[in-house]
Amino acid sequence: MVYVYPLLPIAAGSAMLWFLFRHLRFSAFLAVHGERAEGEVVGYRETKTSASMIVRFSTPEGREVHAAHENTGWTASRSGDAVTVSYDPADPERARIVAAPWLTSWVLVMVGVLGFALVLIGLVLAWLAWFA
């Protein structure tokens, strides 16, 4: 059983890095192909496992869009806050808040550092358990 324990931090760190990579990939897509619009936070949607902000904005064609934004900043935002949204022109519901007074990137940095640290710890434990 000792031989399996190093896999736990490796799996947890890899999952964190996968979520971070997915987030950064979508951000890169929006930076290249996305359009920006001014919007506002109009509410929140909560489930047992997640919470997200509902953001309202209008496309240049005049279509009003309500998009869910999953972010850790949902506790800092207030209904009515003005935000800047970047969205996929082909599917405007795929949107992400890119500018807001409470928006910060320290959580992404923390997830990345913690993910790498867990993988590194798992690799050290694996080396100690399997090869030393």
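## Burial and overall form

A residue is called buried here when its relative accessible area is under 20%. In this predicted model, buried residues account for 32% of the 132 residues in the protein.

The protein contains two helices and five strands, and their order from the N terminus is α-β-β-β-β-β-α. The radius of gyration is 19 Å, well over the 14 Å that the globule rule gives for 132 residues, so the protein is more spread out than a compact globule. Along the principal axes, the C-alpha atoms occupy a box of roughly 65 × 30 × 25 Å.

## Contacts and charge

Of the contacts in the protein with a separation of 6 or more, 61% are between residues 24 or more positions apart. Side chains counted as charged comprise 10 positive and 11 negative ones. The centres of these two sets are 8 Å apart.

## The β2-β3 hairpin

Strands β2 and β3 run antiparallel and are joined by six bridges. Together they form a hairpin with five residues between them. Within the turn, G62 has a positive phi of about 95°. One of the pairings places M53 against H69, its bridge partner in β3.

T59 is located in the loop between β2 (51-58) and β3. With a relative accessibility of 7%, T59 falls under the 20% limit and therefore counts as buried. Apart from neighbours within four places in sequence, T59 contacts V65, Y87 and P92.

Strand β3 has a covered face made up of V65, A67 and H69. Its uncovered face consists of E64, H66 and A68. V65, on the covered face, is among the residues in contact with T59.

H66 lies in β3, which spans residues 64-69. Its relative accessibility is 41%, and H66 therefore counts as partly exposed, the class between the 20% and 50% limits. When residues up to four places away in sequence are not counted, H66 touches V42, I54, V55, R56 and E93. H66 and G39 are 27 residues apart in sequence, and their C-alpha atoms are 9.6 Å apart in space.

## The β4-β5 hairpin

Strand β4 covers residues 82-88 and strand β5 covers residues 91-99. The two pair in the antiparallel sense over five bridges, and they form a hairpin with two residues between them. Opposite T84 stands A99 in β5.

Y87, which falls within the range of β4, is in contact with T59. E93, within the range of β5, is touched by H66.

## From β5 to α2

L103 is placed in the loop between β5 and α2, the latter covering 106-130. Its relative accessible area is 25%, so L103 is partly exposed. L103 and S77 are 26 residues apart along the chain, and 8.8 Å separates their C-alpha atoms.

Key: Residues numbered from 1 in each chain as written. Predicted model: local features only at pLDDT ≥ 70, side-chain atom pairs only at ≥ 80, totals over all residues. Heavy atoms only, no water. Pairing = 2+ DSSP bridges. Helix = DSSP H or I, 4+ residues; strand = E, 2+ residues; numbered from the N terminus. Buried < 20%, exposed > 50% of the residue type's maximum accessible area, 1.4 Å probe, protein only. Contact = heavy atoms within 4.5 Å. Rg over C-alpha atoms; globule rule 2.2 N^0.38 Å. Lys, Arg positive; Asp, Glu negative; His and termini not counted. Charge placed at Lys NZ, Arg CZ, Asp CG, Glu CD.
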